[in-house]
Amino acid sequence: MYTQSLDIPSPAEGVPDPTALPLDELARSAAFNERAGSGEIVEAKDWMPPAYRKTLIRQISQHAHSEIVGMLPEGNWVTRAPSLKRKTILLAKIQDEGGHGLYLYAAAETLGVSRDELQAALHSGKAKYSSIFNYPTLTWADIGVVGWLVDGAAIINQVPLCRCSYGPYARAMVRICREESFHQRQGFDSLLAMMQGTPAQRAMVQDAVNRWWWPVLMMFGPHDKDSQNSELSTKWGIKRISNDDLRQQFVDAAMAQSEVLGVSFPDPHLQWNAARGHYDFGPIDWAEFWNVVNGHGPCNRERLQARVAAWEEGEWVRAAASAYAAKHPAPARAAA
Ligand SMILES: [Fe+2]
Ligand SMILES: [Fe+2]
């Protein structure tokens, strides 16, 4: 779902150097940049510069990891949802997120990396996922706010990816964005019901909004001037809109929705700027952002432990599926 830290390389990896190629490859690479930047779609079998491939593997896999780690804070609430209706909605949403992870792992595999390698990178802590999922979901209102604001931010981040230069990623994003719209609306609907309830329910919603607002703004990543990979990603047609522009688009949309809901955001600097035609907002605490990205958020350890445990406990399922596949080769695969 969530592209916040997707253009943040891991410390050992650094920023790809597109000039580190032999001369003939440089010319090929320049021609590729021209095509990808002008809107041409790149497919899995096409030649691509190694740095483009590496950037996509990192971005798509971080995106996939974010989808499946994002299931964890919501999974905590399936047994505590306040009605059967909310329980079935939440289950459907969590199932969607698992599906998003699968589409994205499949898209990453087209670039020549195996799913096992990607999972191993997640479990060792080498690969990143969106830091928003390292915050806890303390009350039922948090689940509504995750849908409204976290999925809402994800949609704004991800709609431009439906037009990104890598075909398998762009096509996966079309379906994902449709499902994210449902996620955002179910969150808003759940909060609206609570806001029409008791004073205690309204206070619970406002408290959840207060805790999630700033981490959600961080989902759009560092300011453009501090975003290491943005320039290259833009040149290659992977990134279409800058982090700051996407963040502004989100703030403007969220302000309008907050009025319908009757909640406020915890920022005294939030006000309409008629000259810019946008809402101004206060400074983001980037120290907190980097702290969480680097593994020191409230739930980093818990999330990773849960993923590793799920992987280990699922070993027998993978073994059974492999044994079945060995006994019953698929006709299409056998023919190929
Ligand atoms: Fe998702
Ligand atoms: Fe979602």
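This is a predicted model: local features need pLDDT of at least 70, side-chain atom pairs count only at pLDDT 80 or more; totals for chains, interfaces and linings use all residues.
Residues are numbered from 1 along each chain as its sequence is written, chains are lettered from A and ligands numbered from 1 in the order in which they are written, and side-chain values use heavy atoms, with hydrogens and water left out.

**Overall fold**

- The chain holds 14 helices and two strands, where helices (H or I, at least four residues) and strands (E, at least two) are DSSP runs numbered from the N terminus.
- With a radius of gyration of 21 Å, close to the 20 Å that the globule rule gives for 336 residues, the chain is as compact as a globular protein of that length; the radius is taken over C-alpha atoms, and the rule is 2.2 Å times the number of residues to the power 0.38.
- Taken along the principal axes, the C-alpha atoms of the chain fill a box of roughly 65 × 55 × 35 Å.
- Of the 336 residues in the chain, 51% are buried, a word that here means under 20% relative accessible area, whereas exposed means over 50% and partly exposed lies in between (1.4 Å probe, protein chains only).
- Among contacts (heavy atoms within 4.5 Å) between residues at least 6 apart in sequence, 80% join residues at least 24 apart.

**The iron ion (ligand 1)**

- The iron ion (ligand 1) is coordinated at 2.0 to 2.2 Å by Glu-67 (OE), Glu-97 (OE), His-100 (ND1) and Glu-180 (OE); donors are N, O and S atoms within 2.8 Å of the metal (3.2 Å for Na, K and Ca), and because water is not among the atoms, sites may look incomplete.
- The arrangement around the iron ion (ligand 1) is irregular because its four donor atoms subtend angles of 86 to 145 degrees; four donors count as tetrahedral if all angles lie between 85 and 135 degrees, four count as square planar and six as octahedral if opposite donors are over 155 degrees apart and all others between 65 and 115, and anything else is irregular.
- Along the chain, the donors of the iron ion (ligand 1) follow the spacing E-x29-E-x2-H-x79-E.
- Distant parts of the chain are linked by the pair Glu-67, in helix 2 (residues 50-69), and His-100, in helix 4 (residues 84-109), which are 33 residues apart, and both Glu-67 and His-100 are buried.

**The iron ion (ligand 2)**

- The protein donors of the iron ion (ligand 2) are Glu-97 (OE), Asp-151 (OD), Glu-180 (OE) and His-183 (ND1), which lie 1.9 to 2.2 Å from it.
- The four donor atoms around the iron ion (ligand 2) subtend angles of 86 to 157 degrees, and therefore this arrangement is irregular.
- Glu-97 bridges the iron ion (ligand 2) and the iron ion (ligand 1), which lie 3.4 Å apart.
- Because Glu-97 lies in helix 4 and Glu-180 in helix 7, the pair ties together parts that are 83 residues apart in sequence.
- Glu-97 is buried, with a relative accessible area of 1%, and Glu-180 is buried as well, with a value of 0%.

**Salt bridges**

- The count comes to 15 salt bridges, each being a side-chain nitrogen of Lys or Arg within 4 Å of a carboxyl oxygen of Asp or Glu.
- Glu-97 forms a salt bridge with Lys-93, their closest N and O atoms being 3.0 Å apart, and the two residues lie four residues apart in helix 4, about one turn of the helix.
- A network of salt bridges links Glu-74, Lys-93, Glu-97 and Asp-151.
- Arg-211 forms a salt bridge with Asp-142, with the closest N and O atoms 2.8 Å apart.
- Arg-211 lies in helix 8 (residues 199-218) and Asp-142 in helix 6 (residues 140-158), so the pair ties together parts that are 69 residues apart in sequence.
- Arg-211 is partly exposed, with a relative accessible area of 27%, whereas Asp-142 is buried, with a relative accessible area of 0%.

**A loop residue**

- Lys-225, found in the loop between helix 8 and helix 9 (230-235), is exposed, with a relative accessible area of 69%.
- Lys-225 and Gln-201 are 24 residues apart in sequence and 41 Å apart in space, C-alpha to C-alpha.
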